[in-house]
Amino acid sequence: MENQDKIICSELFQKQRKVEVVLYPAVLAWKEIEKSSKRSSGTSESEHVQTVKVCEIVAVHKTEDEADAQLRSHPKRINQPSQQYPHAFTVSYVRRTRQHLWRCADVTFHCADQQICEQWVQVINEQLSLLTNRPKNLLVYINPYGGKRRGERIYEQKVAPVFRRAGIFTDVIVTERANHARDHLKMEANLDDYDGVVCVGGDGMFSEILHGLVTRIQTDHGVDQNQPDAELVPCSLRIGIIPAGSTDCICFATQGTNDPVTSALHIVVGDSQPMDVCSVHHNGVFLKYSVSLLGYGFYGDVLTDSERNRWLGPARYDLSGFKTFLSHNYYGGTVSFLPADDNVGHPRDKLQCRSGCRICQHKHSSKDEHDEASEEKEKPAEDSDRGWSVIHGKFIAINSASMSCACPRSPKGLSPSAHLADGTTDLILVRKCSRLDFFRHLLRHTNNDDQFDHWFVEVHRVRKFRFQPWHPDLAPLEDASEHPESPDLSPISSLQETYDDRTAESSWNCDGEILHHTAIQVSVQCQLIRLFARGIEEQQDAEVAV
């Protein structure tokens with residue numbers, strides 16, 4: 001910090017201690033001038049310097065009449081330091097605690113001169129005004145029915161005070177029906193009035209905001225979403241997520257916690273995290289967008305069953321999961337996919353997507369160049385499908401994870417090394433196996449073992465994929481690589497036995513919603529949206545002395 005230019009520097013009082021306070025362009029720092037005699041003389045002075053990043057200052061305000069109030073209640077304290085420094089200002093800032101939690105903390109500095117106090121407030125506010133990524137006006141949608149019906153209370157008690165402290169203006173809409181927020185964004189909302197859209201709810205509420213916002217942008221730009229190969233226009237408005245639902249997978253995977261105050265502070269400081277979106281089509285007709293999980297087979301069956309037990313609340317997922325596991329259904333189908341380029345890594349490379357991820361940044365910096373190269377590569381392959389891989393088989397689960405899909409019960413997620421913004425999705429194929437083998441696979445979602453290290457599981461990082469379920473009269477012959485006694489056979493159909501599945505088709509679970517078609521085509525739209533987030537921070541990098 002010594003090499004940075006000081007913007008303002010003063011000797012002030014903080015907690016009955018005389019401190020030197022310095023504002024640099026990037027950091028607010030203070031250290032005690034007169035050390036207590038109780039402190040060890042061998043302690044380095046630099047260890048007592050406390051810092052706050054300017055970009056993580058929430059607000060600053062003058063602390064009015066604090067000294068006068070103390071004088072009226074304790075007139076004998078007139079010679080106390082707080083009376084010698086009667087003017088004060090308070091800086092509110094982000095303080096990191098355990099497990100990625102953020103809290104809004106305050107530090108108050110006392111000044112002897114009113115003009116100095118006002119100067120500090122003015123100068124800090126001027127520095128904050130230079131942070132143009134911070135939102136000033138937000139459109140907030142609250143789902144009052146999701147989760148445990150706590151959305152309104154969470155917003156009013158935990159989030160709104162943070163927004164008010166930061167001086168953010170909000171227009172709040174409490175949704176009255178399913179897809180209320182989606183329809184309002186598509187048709188009515190004046191997006192030019194806002195710097196971002198905030199959803200208070202679970203993953204279902206986020207899906208509404210996503211579909212409404214993306215559809216509105218494409219409509220305004222004349223883009224036909226029904227065209228699978230259409231180049232979608234990225235959304236300039238960022239989306240904020242205040243977790244208040246049964247499942248908050250997207251919030252957890254982008255921040256490392258499902259905490260409303262943490263999410264509110266990410267919004268206040270203006271964080272921006274790009275995110276890929278998968279577009280899902282059936283026979284040239286647009287179906288849905290997905291940002292986390294597309295699951296056929298096991299996760300589709302769990303969702304279908306849970307919809308019959310919504311009255312149970314979040315507990316319905318546990319019950320449906322147990323029932324689906326006991327059923328142990330498998331489904332025949334053909335999976336075709338276009339593999340990703342080598343520069344985006346591999347699902348088993350153990351390179352987790354974290355704040356400032358180099359793979360996502362590389363993808364962003366070379367996006368235009370990469371897209372042009374991809375178009376040239378794909379054009380001659382449109383009819384012949386050159387470059388595509390094809391796999392026939394019987395599957396207990398087919399999952400497409402566009403992020404880790406981590407949650408409190410599965411801290412590593414379905415694909416621990418999936419990336420938020422690299423233009424790919426991880427395609428996970430779980431072939432027909434014994435119930436015990438499948439249980440071993442599910443168990444690895446809860447620990448640190450390699451969940452792809454089973455003969456019946458394979459994973460591919462892809463840019464596009466297609467799935468076609470088998471029908472009894474049209475089904476190809478089964479892939480011999482499903483059998484444990486010969487796990488090394490090629491995944492290409494070996495024509496050894498006929499289709500004899502007990503159930504013809506499952507359903508697709510698309511971010512917690514059931515798709516009405518099973519034959520789908522999926523394309524990854526690179527960095528189509530941006531969230532008020534920064535990705536999960538590495539714990540050692542997140543610690544800041546304050």
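**The core and its rings**

Mentor: Gladly! In this predicted model, the largest nonpolar core has 66 residues, and those with the most contacts inside it are Y141, L185, F206, I529 and L531. Helix α6 (residues 203–220) supplies the largest share of this core, seven residues. Take F206 as your way in: leaving aside residues up to four places away in sequence, F206 touches C199, I239, I241, I250, V291, I529 and L531. There is also a second, separate core of 25 residues, with V140, A244, V261 and F532 among its members.

Now for the rings. The structure holds 15 aromatic pairs. In one of them, F89 and W120 have ring centres 5.7 Å apart and planes at 15°, so this pair is stacked. The two partners come from distant parts of the chain, 31 residues apart: F89 belongs to strand β6 (residues 87–96) and W120 to helix α3 (residues 114–129). Both F89 and W120 are buried.

Compare that with Y296 and Y331, an edge-to-face pair with 5.8 Å from centre to centre and 65° between the planes. This pair, too, links distant parts of the chain, with Y296 in strand β14 (residues 293–297) and Y331 in strand β15 (residues 331–339), 35 residues apart.

One more ring deserves a look: R466 lies over the face of W388, at 4.1 Å from the ring centre.

Notes
Residues are numbered from 1 along each chain as its sequence is written. This is a predicted model: local features need pLDDT of at least 70, side-chain atom pairs count only at pLDDT 80 or more; totals for chains, interfaces and linings use all residues. Side-chain values use heavy atoms; hydrogens and water are left out. A nonpolar core is a set of buried Ala, Val, Leu, Ile, Met, Phe, Trp, Tyr and Cys residues joined through side-chain atoms within 4.5 Å. Buried means under 20% relative accessible area, exposed over 50%, partly exposed in between (1.4 Å probe, protein chains only). Helices (H or I, at least four residues) and strands (E, at least two) are DSSP runs, numbered from the N terminus. Contact means heavy atoms within 4.5 Å. Rings of Phe, Tyr and Trp (its six-membered ring) pair if their centres lie within 6.5 Å; planes under 30 degrees apart count as stacked, over 60 as edge-to-face and the rest as tilted. A charge sits over a ring if NZ of Lys or CZ of Arg is within 6 Å of the ring centre and within 35 degrees of the ring normal.
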